[in-house]
Amino acid sequence: MNRKIIHIDMDAFFAAVEQRDFPELRGQPVVVGGKPDSRGVVATCSYEARKFGIHSAMPASRAYQLCPHARFVPPRFPAYKQASEDIHKVFHQYTDIIEPLSLDEAYLDVTESDICNGSATLMARDIRANIHKTIQLTASAGIAYNKFLAKLASDQNKPDGQYLIKPGEAELYLKTLPIGRFYGVGKVTEAKMQASGIQTGGDLKNKSLSELQSLFGNSAEYYYNISRGIDDRPVMSTRIRKSLGSETTFQSDISDTKEMLDHLLLLLDEVLKSMEKRELLAYTITIKVKYASFRQVTRSYTSDAVISVHDKARELIPVLLAKTEVNKKSVRLLGLSFSNLISYEDHTDSGQLPLF
Ligand SMILES: [Mg+2]
């Protein structure tokens, strides 16, 4: 039997919460994130701001150039976390199999639910209406028989809309879809695919598994399957990932600060790659130092602007390292992580999908 998966994605979530809580922001271009005169980045912007070409992950200074009269507001995480909890209370009225991807996105497996006579389409409509009624925010939904397709579908009629991909429609739907829209294809992979002549889902499907293996190694099978609309990953009732990081233990302890910095910068590159792959941004950076004595310390910095950008993190690493005792003690392990994570907002929202 086919599964029934609903992907719910709140519309311009942070900006929508700001507009809900501060009526003077309604109808205005609102940019949540860094200040325009800072090196911060746009976390989310309202649909009014998107009309000026502003999108998430864009430097705030660029957003200001595009729309100087936009209202720039710093993020209020407690408010977003509360709204997210409220949304999950609505989800639980339909199923307990809920996998959040971020504060504002989740997969719901409603296969076994008999609400709305078991119609996933009607349930999605109901969930959205319920969210709107109780939390005064709009959501979009994608309905399909697997996670990959449900996530794509939720983008189709954004904002405040929903879309169903039926079994049998998937291959046609994917055929003309630009490769960058596929979940799990980040900017780096997208460029690599384009260089190999893969522009669309159809192009991807035309590659044999062995061709894909030589290009993408372990990820080949995933790409091979999704181009055919196949995705058997279950909806996992997990909690939101709280942090993402990496660490290195040294063969022999190191005491040269310059060498430590070099290692941390390597870790930074590695962690930023997996952040990009998972479409995550962060507001907190933490370094971890384990001294030769095995005593371990962490030093963190939290910003009101997205911090998981290379230049910014690169500047902060020596500052954080200087707050440890590395100039007096040798070190056996270094780690770097990002936390206070959010996913990129929907910068591909509305109208970019070719309709077949
Ligand atoms: Mg969203």
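Let's start with the cysteines: counting as disulfides those pairs of cysteine sulfur atoms within 2.5 Å, we get zero disulfides here. A disulfide, in general, is a covalent bond between the sulfur atoms of two cysteines. Take Cys67: the closest cysteine sulfur belongs to Cys45 and sits 9.7 Å away, so that is too far for a bond.

Before going on, keep in mind that this is a predicted model, where local features need pLDDT of at least 70 and side-chain atom pairs count only at pLDDT 80 or more, while totals for chains, interfaces and linings use all residues. Residues are numbered from 1 along each chain as its sequence is written, and side-chain values use heavy atoms, with hydrogens and water left out.

Back to Cys67, which is buried, with a relative accessible area of 0%. "Buried" here means under 20% relative accessible area, "exposed" means over 50%, and "partly exposed" is in between (1.4 Å probe, protein chains only). By that scale Cys116 is partly exposed, because its relative accessible area is 22%.

Now for the metal. Donors are N, O and S atoms within 2.8 Å of the metal (3.2 Å for Na, K and Ca), and since water is not among the atoms, sites may look incomplete. For the magnesium ion, the protein donors are Asp9 (OD), Met10 (O) and Asp104 (OD), at 2.1 to 2.3 Å from it. Met10 is in strand β1 (residues 5–10) and Asp104 is in the loop between β5 (98–102) and β6 (105–109), so this pair, 94 residues apart, links distant parts of the chain. The strands and helices named here are DSSP runs, numbered from the N terminus: helices are H or I with at least four residues, strands are E with at least two. Asp9 belongs to strand β1 as well. Both Met10 and Asp104 are buried; for Asp104 the relative accessible area is 5%. Asp9 is buried too, at 2%.

UniProt has something to say about this spot: an unreviewed entry places a "binding site" feature at Asp9 and Asp104. These positions are spread over 96 residues of sequence but cluster in space, with a largest C-alpha distance of 5.9 Å. UniProt positions are given in the numbering used here, feature names are shortened, and annotations may be inferred rather than shown by experiment. The unreviewed entry also places "domain: UmuC" at residues 5–186. Over that stretch the chain is 36% helix and 20% strand, and its end C-alpha atoms are 23 Å apart.

What about the helices? In α1 (residues 13–21), seven of the nine residues are buried, so the helix is mostly covered. Among those buried in α1 are Phe13, Phe14 and Val17. Buried residues of α4 include Phe77, Tyr80, Ile87 and Phe91.

Next, a couple of side chains worth a look. Ser227 lies in the loop between α11 (220–226) and β9 (243–254), and it counts as buried because its relative accessibility is 2%. Contact means heavy atoms within 4.5 Å, and by that test Ser227 touches Leu174, Phe182, Gly201, Leu204 and Lys205, leaving aside residues up to four places away in sequence. Its side chain also reaches the backbone oxygen of Tyr224 at 2.9 Å.

Lys288 is in strand β10 (residues 280–291). Its side chain makes a polar contact with the side chain of Glu247 at 2.7 Å. A polar contact is a pair of N or O atoms within 3.5 Å; within protein, one must be able to donate a hydrogen and the other to accept it, and residues adjacent in sequence count only if both atoms are side-chain atoms.

Most residues other than glycine have a negative phi, and most peptide bonds are trans. Yet the bond from Lys158 to Pro159 is cis, with omega near -10 degrees, and Pro159 is in the loop between α6 (147–154) and β8 (162–164). Asn117 has a positive phi, near 55 degrees, and is exposed, at 80% relative accessibility. Asn340, in strand β12 (residues 331–343), has a positive phi of about 55 degrees and is partly exposed, at 28%.
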